[in-house]
Amino acid sequence: MNRDIVNSATWRKSSRSLNGNAECVEVALTPHAVGVRDSKDPSGPALVVSTSGWLAFINGVKCEALQP
């Protein structure tokens with residue numbers, strides 16, 4: 001995901017973001033990659049991972065949340 005794609009991507013915040021504050025991360029989904037950035041600094045750096053890497057991360061978080 002190059003800078004042009006990052007800039008033109010549609011970024012989303014979690015629906016659980018506290019009162020719509022900007023204090024969370026935003027995610028942009030593209031066909032081949034996922035961007036993650038700090039919503040307080042939208043023009044700052046973005047972490048870019050492969051779609052498969054993102055899915056592995058999400059599945060890991062879900063499994064961890066189910067642990068007692």
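The following questions and answers concern a predicted model of one protein chain.

Q: In what order do the helices and strands of the protein chain run from the N terminus on?
A: The protein chain has 2 helices and 4 strands. From the N terminus on, the order of these elements is α-β-β-β-β-α.

Q: In which sense do S1 and S2 pair, and over how many bridges?
A: Trp11 has Ala28 of S2 opposite it. The pairing of S1 with S2 is antiparallel, and the number of bridges is 3.

Q: Which residue in S3 is the bridge partner of Ala28?
A: S2 and S3 run antiparallel and are joined by 5 bridges. Ala28 stands opposite Trp11, and Leu29 stands opposite Val34 in S3. The bridge partner of Ala28 in S3 is Gly35.

Q: How many residues lie between S2 and S3 in the hairpin they form?
A: S3 covers residues 33–38 and runs antiparallel to S2. The two strands form a hairpin, and the number of residues between them is 3.

Q: Which residue of S4 stands opposite Gly35?
A: S3 and S4 are antiparallel and pair over 5 bridges. Gly35 is also the bridge partner of Ala28. In S4, the residue opposite Gly35 is Val48.

Q: Why is S3 largely enclosed by the rest of the structure?
A: A residue counts as buried when its relative accessible area is under 20%. Across the protein chain of 68 residues, 24% count as buried. S3 is largely enclosed because, of its 6 residues, the number buried is 5.

Q: Is Lys40 buried or exposed?
A: Lys40 is found in the loop between S3 and S4. Exposed means a relative accessible area over 50%. Lys40 has a relative accessible area of 54%, so the residue is exposed.

Q: What distance separates the C-alpha atoms of Lys40 and Glu23?
A: Lys40 belongs to the loop that lies between S3 and S4 (46–50). Along the chain, Lys40 and Glu23 are 17 residues apart. Their C-alpha atoms are separated by 6.2 Å.

Q: What is the relative accessible area of Asn7?
A: Asn7 has its place in helix H1, which spans residues 3–8. Asn7 is exposed because its relative accessible area is 54%.

Q: How far apart in space are Asn7 and Ala28, C-alpha to C-alpha?
A: Asn7 is part of H1, while Ala28 is in S2. In sequence, Asn7 and Ala28 are 21 residues apart. From C-alpha to C-alpha, the distance is 10.0 Å.

Q: Which element gives the largest share of the lining of the largest pocket?
A: The largest pocket has a volume of about 220 Å³. Strands S1 (11–13) and S2 (25–29) are the elements that give two or more residues to its lining. The largest share is 3 residues, and these come from S2.

Q: How many residues of the lining of the largest pocket are charged?
A: The largest pocket is lined by 10 residues, and those nearest its centre are Arg12, Lys13, Ser14, Ser15 and Val27. The lining residues include 5 nonpolar and 2 polar ones. The number of charged residues is 3.

Q: What percentage of the accessible surface of the protein chain belongs to carbon and sulfur atoms?
A: The accessible surface of the protein chain comes to about 5,100 Å². The part belonging to carbon and sulfur atoms is 57%.

Notes: Residues are numbered from 1 along each chain as its sequence is written. This is a predicted model: local features need pLDDT of at least 70, side-chain atom pairs count only at pLDDT 80 or more; totals for chains, interfaces and linings use all residues. Side-chain values use heavy atoms; hydrogens and water are left out. On a 1 Å grid over the protein atoms alone, a cavity is a set of points where a 1.4 Å probe fits but cannot get out, and a pocket is an open set with protein on both sides within 12 Å along at least five of seven lines; lining residues have an atom within 4 Å of a point. Grid points are joined across faces, edges and corners, and a volume is the space filled by probe spheres set on the points. Ala, Val, Leu, Ile, Met, Phe, Trp, Tyr, Cys and Pro count as nonpolar, Asp, Glu, Lys and Arg as charged, and the others, Gly among them, as polar. Buried means under 20% relative accessible area, exposed over 50%, partly exposed in between (1.4 Å probe, protein chains only). Accessible areas come from the Shrake-Rupley method with a 1.4 Å probe; for residues, only the protein chains shown count as cover. Two strands pair if DSSP finds at least two bridges between them.
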